[in-house]
Amino acid sequence: MNREELSKNIAFTSIAIGKVMNSIGQTPIKNLDRETQDQLVFLGSLIQVGAGALFAEFISEDPLAQLSVALTIIGYGSFAIQFINDEDDDRKLLVQAMSSNLKEVLANMILFTDRTVWKKMYSFVGIAMLCLGNFMQAQGRKRLLDEEDDYTLFDPTVTAGTWIETGGAIAIMLGNLAETA
């Protein structure tokens with residue numbers, strides 16, 4: 001395994017770890033208070049921004065991949081900034097989270113235009129799961145917005161979407177690890 005492959009594996013693993021943290025933060029767990037879960041979501045987002053930045057170094061010659069990674073970094077980065085600013089407006093947080101999810105859906109749909117994605121089953125399945133998971137999260141957050149509910153409420157659609165998204169990230173990570181081993 002060369003240095004570039006190792007760096008890509010670290011980036012994919014970091015993205016998977018960040019998504020697991022986000023999923024735990026979006027899952028109702030009796031033993032975790034809401035503040036801890038919000039911190040998991042925040043830190044998971046930051047990890048994914050850093051991993052995306054690392055991954056961006058290796059796609060400098062692929063404009064579609066660059067656009068996809070940029071959309072993802074912008075989505076997670078702008079959402080993390082809302083936490084840093086200690087935003088208290090639940091509607092603003094819901095809109096920002098939904099916007100981040102839709103940016104990631106678009107980013108993953110862009111990746112589907114790349115024929116090399118279609119040649120690797122783990123990549124195709126993983127990206128499809130990322131797309132579906134983010135779309136489900138956006139739909140759950142839209143429902144919370146429409147019902148004028150609180151951002152901190154757990155929504156089963158959002159929770160399911162985060163775990164589907166996490167499964168997609170893990171599929172891509174494991175496929176890439178097996179390919180470069």
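How close do the axes of α4 and α6 come, and at what angle do they cross? I started there, knowing this is a predicted model, where local features need pLDDT of at least 70, side-chain atom pairs count only at pLDDT 80 or more, and totals for chains, interfaces and linings use all residues. Residues are numbered from 1 along each chain as its sequence is written, and side-chain values use heavy atoms, without hydrogens and water.

**Helix pair.** I found the α4 and α6 axes (lines fitted to C-alpha atoms over the stretch in contact, angles from 0 to 180 degrees between N-to-C directions) coming within 8 Å and crossing at roughly 155°. That makes α4 roughly antiparallel to α6 (over 145 degrees).

**α6 itself.** Just after α6, I noted Glu-148 with a positive phi of about 55°.

**Cavity.** I then checked for cavities (on a 1 Å grid over the protein atoms alone, sets of points where a 1.4 Å probe fits but cannot get out). I counted 14 lining residues for the largest cavity (an atom within 4 Å of a point); Asn-22, Tyr-76, Asn-101, Gln-137 and Arg-141 lie nearest its centre. Helices α4 and α6 turn up again here, each supplying at least two residues of that lining.

Notes. Helices (H or I, at least four residues) and strands (E, at least two) are DSSP runs, numbered from the N terminus. On a 1 Å grid over the protein atoms alone, a cavity is a set of points where a 1.4 Å probe fits but cannot get out, and a pocket is an open set with protein on both sides within 12 Å along at least five of seven lines; lining residues have an atom within 4 Å of a point. Angles under 35 degrees count as roughly parallel, over 145 as roughly antiparallel, 65 to 115 as roughly perpendicular and the rest as oblique.
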